[in-house]
Amino acid sequence: MQNANHGFFGFLKIFFALDRKTDLDQGLREIERITMRSRKIVLKMNKTVGCIIMKTALISGITGQDGAYLAEFLLQKGYFVWGLKRRTSLFNTDRIDHLIKDVHESNTHFNFLYADMTDSTNLIRVIQDTQPDEIYNLAAQSHVKVSFDTPEYTANTDGLGTLRILEAVRLLGMTEKTKIYQASTSELFGQVQEVPQTEKTPFYPRSPYAVAKLYAYWITVNYREAYGMFACNGVLFNHESPIRGETFVTRKITRGLAHIALGLQKKLYLGNLNAKRDWGHAKDFIEAMYLVLQQNKPDDYVIATGITTEIREFVRKAFIRIGINIKFIGNDVEEKGIIDTIDLNQFESVVGVPPAHLSIGQVLIAVDPTYFRPTDVNLLIGDATKARKQLGWQPKYSLDDLIDEMVLSDLEQASRKKYLKESGFIVRQSLEE
Ligand code: NAP
Ligand code: F7E
């Protein structure tokens, strides 16, 4: 109102100034002042309108691979994003540091809250405080092999954790407001009952991780049916990236390759080389998560590329990128991956140094039974026809694009490590593989 008055009196002033023809310049200056003021009012209005239409998303598992990509994606779409992170004794926000602004600055659209999936009161509080339009439940103990060592914790976090989120939304009376995305997994298909796997393929989980996620899947369906909640499962097949956790097989291979190429490591030990996975790029897959929650009706979707590749073949494809042709010889635990040929030009152009420390016949890959699982999933290949038709989802990255990006990124990281090491700095040598 005050601004409107200013405007009105301003116009009167100009009118009289122009009418008396005494000072044209003064009139023009007044017009300029009013225009500036109006611009400011419009900006203020935009912000208010922005606040009204700006959606709020709450992402559990924000420090993980998918949490990081999804946060970036939603921020670009204009969301306000709250990330849930658990307390750790060291900083572990490397994947999202580029998104974090000082909370004391205005206009921050991304913030953290502490929460743990094993603590329901804590989850109720953060959901109440943030009033999200969309919750993406990505937090999980997500390593299948580790779930055999920590089955109860995995069940608590991955299974009951999902229940805690659904129940919090229900108890808070937010079932009409809040849509929920549950990070389901192709591990549910386990010992596959059908090839390829679709939304209708029966489940046969093969690990404590998969069994916990099976509970999470069905409790999501149950809350949707029982309470009319907009709760959906994205049954995602394996998706990888340069920021994939270092102990998953793809990243372990590209990271090991980079260390071998630069002379920081001699050999890479792997487990079951026969397993086949349908690998996509995480950037494509987080887009599907978003699309699942933008539909008119809640539903469950398989998200996959439809192409499956053996671990052995992934190794070959990655090493070929740096000019090394790997040949596998021997069987079972005696199987080895040796250097068959080296393309010197390709190696030097990608790695940046000649392969002076490598020779034909050298063993680069060996099998260590430590990495075998008590029960493994041997074949996964998904059919994402429903997602393609209903969500309009289509992956943009091929497996070769993905491998290329991962290899180059790990080479860059390994080069920095080598440089620091050669300059006398202590570099962290992570023995956990
Ligand atoms: P990830 O990199 O392992 O990230 C998992 C996230 O969960 C991390 O932020 C982790 O925090 C957090 N977390 C673990 N336990 C927690 C707890 N008790 N309380 C709170 N947070 C906890 O996994 P991702 O690859 O991004 O996968 C995201 C989700 O999709 C997971 O639920 C996974 O099971 C599922 N999924 C993944 C794939 C895939 O191929 N990537 C496929 C299908 C389904 P810290 O950083 O503190 O450990
Ligand atoms: O194993 C074999 C291993 O650990 C893939 C998670 O994101 O995707 C992931 O689970 C395959 C298995 O992924 C090694 O035995 C051989 O058959 O990379 P991974 P995963 O178990 O498929 C699903 C969809 C999820 O939901 C999970 O959260 O590779 N393999 N040698 C090895 N695996 C590892 N980790 N390390 C090895 O040395």
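Modeller: Two strands pair if DSSP finds at least two bridges between them, and helices (H or I, at least four residues) and strands (E, at least two) are DSSP runs, numbered from the N terminus. This is a predicted model, where local features need pLDDT of at least 70 and side-chain atom pairs count only at pLDDT 80 or more, while totals for chains, interfaces and linings use all residues. Residues are numbered from 1 along each chain as its sequence is written, and chains are lettered from A and ligands numbered from 1 in the order in which they are written.

Colleague: Thanks! What order do the strands of the open sheet have?

Modeller: The sheet has 7 strands in the order β3-β2-β1-β4-β5-β6-β11, and the pairing is parallel. β3 (110-114) and β11 (301-303) stand at the edges; each has a single partner strand, so one side of each lacks a neighbour in the sheet. From one strand to the next, the twist averages 20°.

Colleague: How many bridges join β1 to β4?

Modeller: There are 4 bridges between β1 (residues 56-60) and β4, which run parallel. Leu-58 stands opposite Ile-135 in β4.

Colleague: And which helices pack on the sheet?

Modeller: Helix α3 (residues 65-76) is one of them, touching β1, β2 (80-85), β3 and β4, and its direction makes about 165° with that of β2. Another is α7, which touches β5 and β6 and makes about 150° with the direction of β5. Contact here needs C-beta atoms, placed from the backbone, within 7 Å. Axes are lines fitted to C-alpha atoms, for helices over the stretch in contact, and angles run from 0 to 180 degrees between N-to-C directions.

Colleague: Let's look at β5. Is it mostly covered or open?

Modeller: Mostly covered: 7 of its 7 residues are buried (20 or more other C-beta atoms within 10 Å of a residue's own; exposed is 12 or fewer, partly exposed in between, with C-beta atoms placed from the backbone). Lys-179, Tyr-181, Ala-183 and Thr-185 point one way, and Ile-180, Gln-182 and Ser-184 the other.

Colleague: What are the bridge partners on either side?

Modeller: β4 and β5 pair in the parallel sense over 4 bridges, with Asn-137 opposite Gln-182. On β6 (residues 231-236), 6 bridges join it to β5, again parallel, and Cys-232 is the partner of Tyr-181.

Colleague: New topic: where is the cis peptide bond?

Modeller: It joins Val-195 and Pro-196, with omega about -5°. Pro-196 sits in the loop between β5 (179-185) and α7 (208-227).

Colleague: Which residues other than glycine have a positive phi?

Modeller: Gln-131 is one, with phi near 45°, in the loop between α4 (120-130) and β4 (134-137). Asp-332 is another, near 50°, in the loop between β13 (324-329) and β14 (336-342).

Colleague: Is Asp-332 buried or exposed?

Modeller: Asp-332 counts as exposed because it has 9 C-beta neighbours inside 10 Å. Gln-131 has 13, so it counts as partly exposed.

Colleague: Last one: how do α8 and α10 pack?

Modeller: α8 and α10 (residues 311-320) pack at an angle of about 35°, with axes 10 Å apart. Val-249, Thr-250, Ile-253, Thr-254 and Leu-257 in α8 meet Ile-311, Phe-314, Val-315, Ala-318 and Phe-319 in α10. These divide into 8 nonpolar, 2 polar and no charged (Ala, Val, Leu, Ile, Met, Phe, Trp, Tyr, Cys and Pro count as nonpolar, Asp, Glu, Lys and Arg as charged, the others, Gly among them, as polar).

Notes. Contact = placed C-beta atoms within 7 Å.
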